[in-house]
Amino acid sequence: QVQVAESGGGLVQAGGSLRLSCTASERTFNIYTMGWFRQAPGKEREFVARINWSGFSTMYADSVKGRFTISRDNAKNTVYLQMNGLRPEDTAVYYCNRVSGVQALSDAWGQGTLVTVSS
């Protein structure tokens, strides 16, 4: 299983920006479609965005479309999530995982990175 480590979270005011990173432990990461998910306090984990192996195909949840951008650097085994125009409702722990459609493929989640957006 590909192990991942998320980073880049923090506290930001509404309207601000953050860039999250997800670095994988294996080069095989480069052939996988990867996605970002988030879990807000008291809520189910939800799909945020995904990117195919080449980086040419992306998909976003309606709630983040136009504000978030997913990208990847296969040379660094890393997927990024650029988050602009952050809102208090974006507050959550963000995770990355292999993805098919909008479903995570692995039960092995990283520790996640906490994003807190203040109003």
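Two strands are taken to pair if DSSP finds at least two bridges between them. Strands are DSSP runs (E, at least two residues), numbered from the N terminus. The model is predicted: local features need pLDDT of at least 70, side-chain atom pairs count only at pLDDT 80 or more, and totals for chains, interfaces and linings use all residues. Residues are numbered from 1 along each chain as its sequence is written, and side-chain values use heavy atoms, with hydrogens and water left out.

Four strands form an open sheet in the order S1-S3-S8-S7, with antiparallel pairing. Strands S1 (4-7) and S7 (68-73) stand at the edges; each has a single partner strand, so one side of each is left without a neighbour in the sheet. Neighbouring strands of this sheet are turned by 15 degrees against each other on average, direction ignored. Axes here are lines fitted to C-alpha atoms, and angles run from 0 to 180 degrees between N-to-C directions. Six bridges join S7 to S8 (residues 78-83) in the antiparallel sense. Ile70 stands opposite Leu81 in S8.

Strand S9 (residues 92-100) pairs with S4 (residues 34-39) over six antiparallel bridges. Here Gln39 faces Val93 in S9 as its opposite residue. S9 is also joined to S11 (residues 113-118) by three bridges, and the two run antiparallel. Tyr94 has Thr113 in S11 as its bridge partner. Two antiparallel bridges connect S9 with S10 (residues 103-104). Val99 is partnered there by Ala104. S9 and S10 form a hairpin with two residues between them, and Gly101 in the turn has a positive phi of about 65 degrees.

Three aromatic pairs are found in the whole structure. Rings of Phe, Tyr and Trp (its six-membered ring) pair if their centres lie within 6.5 Å; planes under 30 degrees apart count as stacked, over 60 as edge-to-face and the rest as tilted. Phe37 and Phe47 form an edge-to-face pair, at 5.9 Å centre to centre and 75 degrees between the planes. Phe37 lies in S4 and Phe47 in S5 (residues 46-51), ten residues apart. Both are buried (under 20% relative accessible area; exposed is over 50%, partly exposed in between, with a 1.4 Å probe and protein chains only). The rings of Tyr95 and Trp109 have centres 5.7 Å apart and planes at 75 degrees, so this pair is edge-to-face. Tyr95 is buried at 12% relative accessibility, whereas Trp109 is partly exposed at 26%. Ring pairs link Phe37, Phe47, Tyr95 and Trp109 into a cluster.
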